[in-house]
Amino acid sequence: MKHLSILSALLLISVVVFAQKQTVSLEDITAKGTFNAKSVRGLRSMVDGVHYTTLEGGKRIVKYQYSTGKKVADVFDLEALKEESDIKTIEGYEFNGSETKILIYTNAEYIYRHSFKADYYVYDIQYKELKPLSEGGKQQIASFSPNGEMVAFVRENDLHLSKLKFGTESAITDDGEFNEIINGMPDWVYEEEFGFNKAYDWSPDSKEIAFIRFDETNVKEFAFPIYEASYPNNEAYSLYPGQYKFKYPKAGQDNSIVSVHVYNIKNRKTKAMDIGKETDIYIPRVRFTHEGGKLGIIKLNRHQNFMELMIANTNSGVCNTVFTDRNERYIGQDVLDNLQFLEDGKHFVYVGEMDGYNHIYLYTMAGRQVRQITKGEWDVTDYLGYNAKTRMFYYQAAAKSPMQREVYAVRNDGKKSLQFSTVAGTNKADFSKGFKYYINYLSNTTIPTLVTLHDSNGKQIRVLEDNKDLKARVEGFEMSPKEFFSFKTSEGVELNGWMVKPLNFDPNKEYPVLMTQYSGPNSQQVLDNWRVGWEQYLAAEGYMVACVDPRGTGARGEEFRKCTYRKLGKYESDDQIEAAKYLGSLAYVDASRIGIWGWSYGGFMTSLCLSKSDVFKVGIAVAPVTNWRYYDSVYTERYMRKPQENPKGYDDNSPINHVDNLSGRLFLIHGTADDNVHFQNVMEYVDRLVQAGKQFDMFAYPNRNHSIYGGNVRNHLYRMKADYLFRNL
């Protein structure tokens, strides 16, 4: 009887142990991708608007019918090719206009944030023939002409043209040279801060190619060493480090001189467009209108508070300004892709802040405002298109809460409107050609990415991805829910935030808090979306994690967004300090154990906060800006103007100038090959800290860029950060 009781007890214990849930590990976050949601990627609406294609398994491009979801055909299948191919996986693709050919790329070698070199191939669907686009080396930003008979691409800073019918290749430009001249592709700072990598456009009739030429000659070079660490078998780096040099214009320094040119394919001549005599300007986009021989050129002054839309006659090169937007502070880069020419050739759409919020406006091609399409004290966050048949504009907005996104449509006279998203959270939509169907991507704090197909009235046709496996997997883990909150600062500013409390939370105990934030202009971290990060790991270790979006962040109108102008860091750090004090006032928070961390702008914020207040016991700054004079011209001057114009704004809010007041324990982490926020930021800061007699900790990752990843690096980084918190917080 006694033995039976012992056996029963053992069985009961085993059942309890078996039923226990796991806690989130760092490996789940950094290595295993345990909580990464699947989505539907590589999706393209076909011209007929009733079919779409997806890229599946990196091997096949599959055609589906919107209405039924049934597979129609394998448009391209690597494993079904007649002849053996060098392609191991498809990384991206596009159709020509008639959808008879596909441009495929593979073996991508990424250069900066958007740019890469790759091997491009052209596949003829009818004849099932696959041919390399060029035998002359890897290409960049290849694209079909509208008639599908040609492909343009960039190689070694020159623009090239391939005529598929004749199998010929020719150079449109021949003066391209690394760190000197770039044709048809942006320089580093344009790519990073204006968010694009293709600086050319085809005319609708396929007769011309317009391109931007970048003369980097006067831009100063930045260099960083390359160590053996990532190249163990390369003797060139074994004894003497290599060096990478590239053109990087810092705040107040010379930028590239840009010009706009149009190449006529028939007569093989290139003509410069007359964009004016001023050279200290930006040309962040060129885009043909739907009217023959007319080219739209977007031009910004150096301060980025005056924008012109110029229409160029490509035959004469004469440019006329048809629209201007002036702002007393700055014009954000998000407007660049939200200025679109309508297919009627008579109108264009612009998303601007004329009434203090981002809204859609309709203009004639002469620049006369027809009407304001959307109105209200909320921001349009993305322009999705216009259906000429129904006269409906489609857009994404934060109309109900800055922490959420919905998808809407409104008729051009404002008399009819529709809301397509029905579940609260973060919604975005991809509409088919002709707007007969759309695919909605939804996520919130409890729903991993849910991808659904709908008709034009919003009726759901079917589910494309529900992440059922992920939801079942999450059930096996102990999770602390993300709770949203808001509070008012001592200045009367209401701020939004979220918190994740420790597992097995006891309101009668006091817990340490780690604040996570980014805080950069027009950014947002406090969003109702799916994300399981290391906050869940820290919650399992007894920490509370909180995040607050300060002034300067997005979806709350122009005044909230731009109040940080000419003094980046001041109000953001004030608000993070206020957030720490608010959290410290909560009964279940140990106010003596509050830490803060951030990456990039968030690292800048962390370093500054530790010098402006003693409320933080610990700060972890990853890849921080420590002096805005070290950062690039486009981004910094957009918000600060040149250092020569605003020295006080730069100096008063750069951590490097406040080392004497540093309090708490600071941990600095940076990659030595960071092309964005240079390692220089940390090294100069470290010297000031040493001279001020301040103790701190530091770690450098050799040959790693701004993202600090690759191999075991990301896991090592987060383990190191966690151990630092355990020791010091």
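Helices (H or I, at least four residues) and strands (E, at least two) are DSSP runs, numbered from the N terminus. The views below show a predicted model, in which local features need pLDDT of at least 70 and side-chain atom pairs count only at pLDDT 80 or more, while totals for chains, interfaces and linings use all residues. Residues are numbered from 1 along each chain as its sequence is written, and side-chain values use heavy atoms, with hydrogens and water left out.

**View 1. S519 sits in the loop between β38 (511-516) and α5 (534-540).** The phi of S519 is near 75°, a positive value in a residue other than glycine. With a relative accessible area of 1%, S519 is buried (buried means under 20% relative accessible area, exposed over 50%, partly exposed in between, with a 1.4 Å probe and protein chains only).

**View 2. Q304 lies in the loop that links β21 (294-301) and β22 (306-313).** Here too we meet a residue other than glycine with a positive phi, near 60° for Q304. Q304 counts as buried, at 0% relative accessibility.

**View 3. Four strands form an open sheet in the order β32-β33-β34-β35, with antiparallel pairing.** Two strands pair if DSSP finds at least two bridges between them. β32 (426-431) and β35 (460-465) stand at the edges with a single partner strand each, so one side of each has no neighbour in the sheet. On average, neighbouring strands of this sheet are turned by 25° against each other, direction ignored (axes are lines fitted to C-alpha atoms, for helices over the stretch in contact, and angles run from 0 to 180 degrees between N-to-C directions).

**View 4. β32 and β33 (residues 437-443) run antiparallel and are joined by six bridges.** Look for F431, whose bridge partner in β33 is Y438.
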